[in-house]
Amino acid sequence: MDLEIQQRVKDLTEKYGAENVIVILGGAEAEASGLSAETVCAGDPTFAGPLAGIALGLGVYHAVEPEVKAEFDPAVYDQQCGMMEMVLDVDEIISEVKTVRDSYSKYNK
């Protein structure tokens, strides 16, 4: 997760409260999605960005997770994500993000 996005997440969390913020990821790889999830839950593991040492405990999900996918209009989801979903390792991504969420999130919705 780049430094600018970390700052935006931090600012939104300060403005609205961590209990009111959920992060939806869209990364194509499980490892990258897991690192992004860890960043918004437990703090930047690289200690390079605005969230270094700051455990926000946010709820975090990936767009391919069933509970998130169900919230989208199916036609829009299919148009925007359907093709990518066919080539992603969806199970691995879901497992990685869920593991981080279950370990570090204080605000599972």
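A: Begin with a single residue. This is a predicted model, and in it T13 is buried, with a relative accessible area of 7%. Buried here means under 20%, so T13 qualifies.

Q: Where is T13 placed, and which residues is T13 in contact with, leaving aside its neighbours within four places in sequence?

A: T13 is in helix 1, residues 3–16. Beyond those neighbours, T13 is in contact with A18, V21, L56 and L58. A polar atom of the T13 side chain also lies 2.8 Å from the backbone oxygen of V9.

Q: What describes two packed helices?

A: The angle between their axes and the distance between the axes. Take helix 2 (residues 30–42) and helix 5 (residues 90–104): their axes come within 8 Å and cross at roughly 15 degrees. Angles under 35 degrees count as roughly parallel, and helix 2 and helix 5 are therefore roughly parallel to each other. Their crossing is right-handed.

Q: Which residues meet where helix 2 packs on helix 5?

A: From helix 2 come A30, S33, G34, A37, E38, C41 and A42; they meet E92, I93, E96, V97, V100 and Y104 of helix 5. By class, this contact has 8 nonpolar, 2 polar and 3 charged residues.

Q: Is H62 buried or exposed, and what does H62 touch?

A: H62, in strand 2 (residues 59–62), is buried, with a relative accessible area of 2%. Not counting residues up to four places away in sequence, H62 touches I24, L25, G26, G27, S33, V68, I93 and V97. Among these, S33 is in helix 2, while I93 and V97 are in helix 5. The C-alpha atoms of H62 and V23 are separated by 8.2 Å, although the two residues are 39 apart along the chain.

Note on methods: Residues numbered from 1 in each chain as written. Predicted model: local features only at pLDDT ≥ 70, side-chain atom pairs only at ≥ 80, totals over all residues. Heavy atoms only, no water. Helix = DSSP H or I, 4+ residues; strand = E, 2+ residues; numbered from the N terminus. Buried < 20%, exposed > 50% of the residue type's maximum accessible area, 1.4 Å probe, protein only. Polar contact = N/O pair within 3.5 Å; in protein donor to acceptor, adjacent residues only side chain to side chain. Contact = heavy atoms within 4.5 Å. Axes fitted to C-alpha atoms, helices over the stretch in contact; angles between N-to-C directions. Parallel < 35°, antiparallel > 145°, perpendicular 65-115°, else oblique. Left-handed = near helix turned anticlockwise from the far one by under 90°. Nonpolar A, V, L, I, M, F, W, Y, C, P; charged D, E, K, R; others polar.
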